[in-house]
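Dear colleague,

I am passing on the structure below, with notes on what turned up in it. Please look through it before reading on.

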Amino acid sequence: MTRRDSIILNHFKEQTVNTDIVWHQSAVARQQRERQNRHRSFILWFTGLSGAGKSTLANRVEELLFQNGCRTYVLDGDNVRHGLCRDLGFSPDERRENIRRVGETAKLFMDAGVIVLTAFISPFSEDRDMVRALVESGDFIEVYCNTPLHVCERRDTKGLYRRARRGEIADFTGISSPYQAPLSPDLEVPTGRRGLEECAAMVVGFLAERGKVPAFGGLAANAVSVGDRQSNHAEMSS
Ligand SMILES: Nc1ncnc2c1ncn2[C@@H]1O[C@H](COP(=O)(O)OP(=O)(O)OP(=O)(O)O)[C@@H](O)[C@H]1O
Ligand SMILES: [Mg+2]
């Protein structure tokens, strides 16, 4: 076990639930739900700067999967902060709690047999690892939407970068709060320099290659091959 794994494990041990609370085994197992749905359930975790394209890409991928008969749901950062996490701000502790709640929610959806796509900046590696540690290996797929800060700032779809530069927004990721890019994401998507359809095909192709979803016609064929993806990765990290 690595040092980081033990930190995460200790974090959960500290938060062990009251021993009077006993888990009630569900009558229908996740595997039965998956068989009925004819696909595996898992968490597809999109991370990246604000404006990187997480929501846009997650929604497009969801649409493609949905059209092909998969049961899907997108948990989106902005939407979750309207309800489940409306009491949380953007300090590191509150961001951590935000991600913890979303991770637990995503785990429930996954248990329900659904492919959960999440679109959260999730700037801290430790918080993303915390969610990874919540589920079995292979159930958490980290997708890094790699759009450089200057491109996100130029897009400024919500006008937030402009306001953050003026000092009107505290703890803004990339400006006054750090973004820790994944060092070894399961998939890195060049959302800063490739179009939406190409990026969506990369994600869907990756899932089909890994046997996570049934291969479907033109989509998987349009996706870049593993070799191409590795060279993409090398090119981007250089
Ligand atoms: N390849 C791409 N993938 C996704 N979005 C892209 C791509 N190329 C350009 N875009 C554009 O980039 C913008 C991304 O905005 P989006 O709201 O999806 O970002 P976000 O990462 O969800 O940001 P936030 O964290 O603020 O919610 C959109 O205007 C989208 O059309
Ligand atoms: Mg978004």
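I started with helix H5, residues 92-111, in what is a predicted model. At 1.5 Å a residue, its 20 residues should span 28 Å, and the end C-alpha atoms are 28 Å apart, so expectation and model agree.

Which residues of H5 are buried? They are Arg95, Asn98, Ile99, Val102, Gly103, Ala106 and Met110. These residues lie on the same side of H5, because the arc they cover around the axis is only 135°. An α-helix has 3.6 residues a turn, so residues three or four places apart point the same way. Asp93, Glu104 and Leu108, on the other side of H5, are exposed.

What do the buried residues of H5 pack against? Their partners are the strands E1, E2 and E3 (115-119), together with helices H4 (77-80) and H6 (125-134). After H5 comes Gly113, which has a positive phi, near 90°.

The sheet is next. It is open and has 5 strands, in the order E2-E3-E1-E4-E5, with parallel pairing. Strand E2 (72-76) and strand E5 (187-189) are the edge strands, each pairing on one side only. On average, neighbouring strands of the sheet are turned by 20° against each other, direction ignored. Helix H9 (residues 196-209) packs on this sheet and touches E4 and E5; its direction makes about 165° with that of E5.

Within the sheet, strands E1 (residues 43-47) and E4 (residues 140-145) run parallel and are joined by 5 bridges. Thr47 stands opposite Tyr144 in E4.

On the ligand: there are 21 residues around ligand 1, of which Ser50, Gly53, Lys54, Ser55 and Thr56 come nearest. Helix H3 (54-67), H4 and H9 are the elements that give two or more residues to this shell. H3 gives the most, with 4 residues.

Is Gly211 buried or exposed? Gly211 has 10 other C-beta atoms within 10 Å, and a residue counts as exposed at 12 or fewer, so Gly211 is exposed. Gly211 and Arg40 are 171 residues apart in sequence, but their C-alpha atoms are 8.6 Å apart in space.

Regards

Technical notes
Residues numbered from 1 in each chain as written. Chains lettered and ligands numbered in written order. Predicted model: local features only at pLDDT ≥ 70, side-chain atom pairs only at ≥ 80, totals over all residues. Pairing = 2+ DSSP bridges. Axes fitted to C-alpha atoms, helices over the stretch in contact; angles between N-to-C directions. Contact = placed C-beta atoms within 7 Å. Expected span 1.5 Å × (residues − 1). Buried ≥ 20, exposed ≤ 12 C-beta atoms within 10 Å, placed from the backbone. Arc of directions from axis to C-beta. Near = placed C-beta within 6 Å.
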